[in-house]
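Thanks for asking me to look this one over.

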Amino acid sequence: MKWITARRRHPLAGYVVVILALALFGVGYAALAPTPDQAQAQTLAAEAPSADEVDIAEGKAIFDQTCASCHNYDGSGTYDEDGNVTNGPDLREVGPAAIDFQVSTGRMPSMDPDTQMPRKPMAMSEEELDDLIAYYNDQIRTDGAGADIPYEVPGEAPERANFEDEESYEEALAEYEAEYDAYIEGADNTDMGMKLYLTNCAHCHSWSGGGGALTDGRWAPEIHDATPRQIYEAMVTGPGAMPMFSDGLITPEEKQELISYVKTLQAEPNAGGIFDLDRVGQVAEGFIGWTVGLSLIIACAIWITAKQRAHD
């Protein structure tokens, strides 16, 4: 031990310690960092249904029954003489991601085209949706128009009703959960996701993802129940009043960071209790708290001086 004590005062001792620390850090990172196979697994997800897994004829029947009354049988939409949408807009260039988003969130088909539709259970099965999208791509979509469905991003979890036995369901559920965890955990820059969300999303959907009011009677929906794929599709298609964030504006990697941050918001405990004010945001909640507190102080001051005057 004496030789260590004698040498720790050497002028180069500090540099040696730094070099050893960097070396130890590098070895530790090399041991814990994912291998190429593991990194590939982080982006592994479902693929688009193959041609033998979909029925285009069935997709046509679904479209004619549930979509054509508003969007026309060729998807060209319905318009008045001035070019204003009467029942439904032109679908030929919106892309399959828009179809998947609107149908999977239960917003379409809609019985009232003039009203913003809330999220609700999907009106058809996953197989029927796959058939509908296959028909849309084959017969209605303008070549290459619109955004494709990001199948590499996890969508809805499998449902027990779609499987013949419990074993098949458990296997599919385990595969989905592995893909979901790999996608969420594959985002390694929480700060980037938070900054992207606060810059592009929070002013409408609130800092907590709880949604909020917009102009003209519209609202930004809460996004707690949205799947990663639905959030991605909303960004690349811009439904309703939402702006469109193409992959050129926010890259797929940045979208993954943002979506991962949104999922952490969903799991964030509500520290406000009964006084959370619907989690409208720290600034708004602070202002309300300051206003209420100041009002109580003024009221107490008035009450105290009034009693003093009455006593005098």
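1. A word on terms before the details: helices here are DSSP runs of type H or I with at least four residues, numbered from the N terminus. Please also keep in mind that this is a predicted model. With that naming in hand, you can find helix H11 at residues 228-237, and the residue that follows H11 is Gly238, which has a positive phi, near 60°.

2. For the overall picture, the chain has 13 helices and two strands. It runs to 312 residues, and 32% of them count as buried. Among the contacts with a separation of 6 or more, 60% join residues 24 or more positions apart. The chain exposes about 20,100 Å², with carbon and sulfur atoms supplying 59% of that area.

3. How many of the residues of H11 are buried? The count is 10 of 10, so the helix is mostly covered, given that buried means under 20% relative accessible area. The buried set includes charged residues such as Arg229 and Glu233, and also Ile231, Tyr232, Met235 and Val236. As a reminder, an α-helix has 3.6 residues a turn, so residues three or four places apart point the same way. In H11, burial takes in every residue from Pro228 to Thr237.

4. Do have a look at the second largest pocket, which has a volume of about 1,100 Å³. Its lining is made up of 38 residues, and those nearest the centre are Glu126, Asp130, Glu156, Pro158 and Arg229. Helices H6 (96-104), H7 (126-140), H8 (166-185) and H11 each give two or more residues to this lining. H7 provides the largest share, with six residues. By type, the lining of the second largest pocket divides into 16 nonpolar, seven polar and 15 charged residues.

5. The structure holds four aromatic pairs, and two of them are worth a visit. In one, the ring centres of Phe63 and Tyr135 are 5.8 Å apart and the planes meet at 55°, so the pair is tilted. Phe63 belongs to helix H4 (residues 56-66) and Tyr135 to helix H7, so the pair ties together parts that are 72 residues apart in sequence. Both partners are buried: Phe63 has a relative accessible area of 2%, and Tyr135 has 6%.

6. The other pair to visit is Tyr197 with Tyr261. Their ring centres are 5.7 Å apart with planes at 50°, so this pair is tilted too. Because Tyr197 lies in helix H9 (residues 190-200) and Tyr261 in helix H12 (residues 252-266), the pair ties together parts 64 residues apart in sequence. Tyr197 counts as buried at 1% relative accessibility, and Tyr261 is buried with a relative accessible area of 12%.

7. Finally, where does Thr86 lie? You will find Thr86 in the loop between helix H5 (68-71) and H6. Thr86 is partly exposed, with a relative accessible area of 33%. Setting aside neighbours within four places in sequence, Thr86 is in contact with Thr78, Tyr79, Asp80, Pro113 and Asp114.

Technical notes. Residues are numbered from 1 along each chain as its sequence is written. This is a predicted model: local features need pLDDT of at least 70, side-chain atom pairs count only at pLDDT 80 or more; totals for chains, interfaces and linings use all residues. Side-chain values use heavy atoms; hydrogens and water are left out. Buried means under 20% relative accessible area, exposed over 50%, partly exposed in between (1.4 Å probe, protein chains only). On a 1 Å grid over the protein atoms alone, a cavity is a set of points where a 1.4 Å probe fits but cannot get out, and a pocket is an open set with protein on both sides within 12 Å along at least five of seven lines; lining residues have an atom within 4 Å of a point. Grid points are joined across faces, edges and corners, and a volume is the space filled by probe spheres set on the points. Contact means heavy atoms within 4.5 Å. Accessible areas come from the Shrake-Rupley method with a 1.4 Å probe; for residues, only the protein chains shown count as cover. Rings of Phe, Tyr and Trp (its six-membered ring) pair if their centres lie within 6.5 Å; planes under 30 degrees apart count as stacked, over 60 as edge-to-face and the rest as tilted.
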